[in-house]
Amino acid sequence: MDASGWSVFRTWLIRVLTEKMFKHLREWVFIHFFGHSRQRARLVSKDGRCNIEFGNVEAQSRFIFFVDIWTTVLDLKWRYKMTIFITTFLGSWFLFGLLWYVVAYIHKDLPEFHPSANHTPCVENINGLTSAFLFSLETQVTIGYGFRCVTEQCATAIFLLIFQSILGVIINSFMCGAILAKISRPKKRAKTITFSKNAVISKRGGKLCLLIRVANLRKSLLIGSHIYGKLLKTTVTPEGETIILDQININFVVDAGNENLFFISPLTIYHVIDHNSPFFHMAAETLLQQDFELVVFLDGTVESTSATCQVRTSYVPEEVLWGYRFAPIVSKTKEGKYRVDFHNFSKTVEVETPHCAMCLYNEKDARARMKRGYDNPNFILSEVNETDDTKM
């Protein structure tokens, strides 16, 4: 390479390195300074919880939660649920203990009344409030130590025994069922479905796509899995109405479609950025200036329990990387087994990517026009009279 060629190459290399350096510096400054100063509001957190607050709910509407008491108890946090569990049992034991004490007091079975030797009490061996509480506990949980028992002397005691036994079965069924239902909720199965930390935008199959990686951490499958997305953004209608959480459907697919996914290994789902995509008019330089939230849903049926579960996550503009793709994660060992390396699950690799979807489609149109060929209307063919200057 001569001196002039080496100078041109050096100038080009310096320009490329300078552009990349300023690109990374601009992204770092925006994320670490502007990103922290302006916290974007999320409707759905990264772990799938919905960050929404209901205000000024009328008292009549709040009463509906007590009508649907089963769902209300299931949705409670564990500390509140266990508080209700313990309070319900202790309260019922103490309440019926008071009733048994009242029965013994009315029938004058207590020692302070000095009953005669041939006196038959309603309940044997109730000497005070403590013994009445112990008898209530033994009756409701069917322990039956045999030291205290109901006699046939009082019809009131027999009725109270039947009533407490029936009510005890109802309380046991409701509270134990609520505990079991909360433990076995398919919501916990969703914890073993994980999404990549970032979404990426790059070319896939000759098209500009938004890609997200999702993995199933269990070997059991999700049957009939279906994946889709919603883009939440603020829009203004032609009538001037401002819609804060306007929802736009985002179709995600894999190479085999978006229905009945074979979800045994991590999958890379993608959304094609075409003319119908809301990402079509976005570019690499303006992506961080956008105000949107991409919520991704995965619905499926748990194979072991046949319960339906839903997994959710969301991405804001700072979590969408333009010009990157995901690193390989699945490999094949010498023993013929397939190995998934979750160390590279959210790892990305920078690749050459068009700055916008319109750039890619304009480039394709230009290539197509070059192949077809077009007449240039500005080209004028001028005729030249040929003269024969050759003399014989």
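This is a predicted model: local features need pLDDT of at least 70, side-chain atom pairs count only at pLDDT 80 or more; totals for chains, interfaces and linings use all residues.
The structure contains one disulfide. The bond joins Cys122 and Cys154, with a distance of 1.6 Å between their sulfur atoms. Cys122 is located in the loop between α4 (78-106) and α5, and Cys154 in the loop between α5 and α6 (155-183), so the link ties together parts that lie 32 residues apart in sequence. The torsion about the S-S bond is -50°, and the link of Cys122 and Cys154 is left-handed.

Accessibility was computed for the cysteines of this pair and for two further cysteines. Cys122 has a relative accessibility of 1% and is buried. Cys154, at 9%, also counts as buried, because the relative accessible area of a buried residue is under 20%. Cys149 has a relative accessible area of 36% and is therefore partly exposed. Cys176 is likewise partly exposed, with a value of 43%.

Ser136 is placed in helix α5, which spans residues 129-140. The relative accessible area of Ser136 is 0%, so this residue is classed as buried. Apart from neighbours within four places in sequence, the residues in contact with Ser136 are Ser92, Trp93, Phe96, Gly97, Trp100 and Gln164. For Gln164, a polar contact links its side chain to the side chain of Ser136, at 2.9 Å. Helix α5 thus holds the buried Ser136, while the loops on either side of α5 hold Cys122 and Cys154.

Notes
Residues are numbered from 1 along each chain as its sequence is written. Side-chain values use heavy atoms; hydrogens and water are left out. Helices (H or I, at least four residues) and strands (E, at least two) are DSSP runs, numbered from the N terminus. Buried means under 20% relative accessible area, exposed over 50%, partly exposed in between (1.4 Å probe, protein chains only). A polar contact is a pair of N or O atoms within 3.5 Å; within protein, one must be able to donate a hydrogen and the other to accept it, and residues adjacent in sequence count only if both atoms are side-chain atoms. Contact means heavy atoms within 4.5 Å. A disulfide is a pair of cysteine sulfur atoms within 2.5 Å.
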